[in-house]
Amino acid sequence: MNEEKQPSAKIHILGSCSGTEPFPGRHHTSLAIELPDSLFFLDAGETCSYTAHLMGLDLLKTRAVFISHCHMDHIGGLPNLLWTIRKLSVVKQKLPVSPVIHTYLPCLDSYEGMMALLNNTEDGFRCGYGHQAHAVRDGLLWSGEEEAFTLEAVHNHHLPYTPPAPYLSFSFRIGLAGKSIFYSGDTSLEDLADTVPDYCDLMFMETGHHQIPQVCRFLKAAGKNIRTLVFIHHGLRVLGDPGRAEEELRRYWGTDGAIAYDGMTISLQ
Ligand SMILES: [Zn+2]
């Protein structure tokens, strides 16, 4: 563990729902990582910018958005996020902290379609700053020493893979303020043996395609040393009976875990 003084960091759950039928108080998956001068998004489900703004996050600090895969429950809020950043820039007469807002996503044609949508909005979506898309591929995508934030993509098999086409679905290994964090995205259970680091301080795991007992058993059998396990991207089984989900978490994992909800904040220090 890094003994140097680390900046304070928070992770905000903007949306905790999978791509199932709409559910009261739950929105599609998105997390915001907040550092003193930076904001990063992991997935950008519907209403992520709305929720972030109402939670008091400064969207003009956004530096990059990382999309795990291009299904609607992970990318549907992206055009609105970029639109809202521009709108806040106009309203506040202030530029974002980053001269370029970077978007990392597996399918660049999704980005092109989104930009066509944005270019037909007010003022042709002209901005005093830039936007840049990058393809998500295995390896380090972001390393910003001053931000104490690194992100590495590692492919999974949530989406079919036909060589030599690129992988289209990813999990993220993150270094944040000296902590090791894993974000599953949508994944097959078997992928976790390879994608999850042997040790991590905090793991976000989807429950849209899996049940809590099976996930807990698999991680323990794989010998993963995970301090805190947070379930996210819930399907109807968790949404329909959150009490049972909490009970399963305690029974199969223990006390160091949580069932994520919209508006939840995790402080790392
Ligand atoms: Zn999903």
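Author: With strand pairing: two strands pair if DSSP finds at least two bridges between them. The model is predicted. β8 and strand β9 (residues 170-176) have seven bridges in the antiparallel sense, so under the rule of at least two bridges they count as a pair. One of the contacts between them sets leucine 151 against its bridge partner in β9, isoleucine 174.

Reader: Which strands make up the sheet that holds β8 and β9, and in what order?

Author: The order is β7-β8-β9-β10-β11-β12-β13, seven strands in an open sheet with mixed pairing.

Reader: What makes β7 and β13 edge strands?

Author: β7 (139-144) and β13 (257-259) each pair on one side only. Averaged over this sheet and with direction ignored, neighbouring strands are turned by 15 degrees against each other.

Reader: How do you know that helix α6 packs on the sheet?

Author: Contact means heavy atoms within 4.5 Å, and helix α6 (residues 212-221) touches β11 (199-206), β12 (225-232) and β13. The direction of α6 makes about 160 degrees with that of β12. Helix α8 (residues 242-252) lies across β12 and β13, at about 165 degrees to β13.

Reader: What is the strand order in the sheet that contains β4?

Author: That open sheet has seven strands in the order β6-β5-β4-β3-β2-β1-β14, and its pairing is mixed.

Reader: Why is β4 called largely enclosed?

Author: Five of the five residues of β4 are buried, so the rest of the structure largely encloses the strand. β4 is joined to β3 by four bridges, and these strands run parallel. Across from phenylalanine 40 stands alanine 64 in β4.

Reader: How many aromatic pairs are there?

Author: The count comes to ten aromatic pairs. One of them is phenylalanine 40 with phenylalanine 66, 6.5 Å centre to centre and with 35 degrees between the planes.

Reader: Why is the pair of phenylalanine 40 and phenylalanine 66 called tilted?

Author: Under 30 degrees would be stacked and over 60 edge-to-face; the pair has 35 degrees between the planes, so it is tilted. Phenylalanine 40 lies in strand β3 (residues 38-44) and phenylalanine 66 in strand β4 (residues 62-66), so the pair ties together parts 26 residues apart in sequence. Both residues are buried. Phenylalanine 66 also forms a tilted pair with phenylalanine 149, at 6.1 Å and 50 degrees. That pair links strand β4 to strand β8 (residues 149-155), 83 residues apart. Ring pairs join Phe40, Phe66, Tyr104, Trp142, Phe149, Phe172 and Tyr183 into a cluster.

Reader: What makes the site of the zinc ion irregular?

Author: The donors are Asp73 (OD), His74 (NE2), Asp186 (OD) and His233 (NE2), at 2.1 to 2.2 Å. The angles among the four donor atoms are 90 to 170 degrees. Along the chain the donors follow the spacing D-H-x111-D-x46-H.

Reader: Is histidine 233 buried or exposed?

Author: Buried means under 20% relative accessible area, and histidine 233 has 3%, so it counts as buried. Histidine 233 is found in the loop between β12 and α7 (236-240).

Reader: What is the phi of histidine 233?

Author: Phi of histidine 233 is near 55 degrees, a positive value in a residue other than glycine. Most residues other than glycine have a negative phi. Alanine 177 likewise has a positive phi, near 50 degrees, and at 2% relative accessible area it is buried.

Notes. Residues numbered from 1 in each chain as written. Predicted model: local features only at pLDDT ≥ 70, side-chain atom pairs only at ≥ 80, totals over all residues. Heavy atoms only, no water. Donors = N, O, S within 2.8 Å, 3.2 Å for Na, K, Ca; no water. Tetrahedral: all angles 85-135°; square planar, octahedral: opposite > 155°, others 65-115°. Phe/Tyr/Trp six-rings, centres within 6.5 Å; stacked < 30°, edge-to-face > 60°. Helix = DSSP H or I, 4+ residues; strand = E, 2+ residues; numbered from the N terminus. Buried < 20%, exposed > 50% of the residue type's maximum accessible area, 1.4 Å probe, protein only. Axes fitted to C-alpha atoms, helices over the stretch in contact; angles between N-to-C directions.
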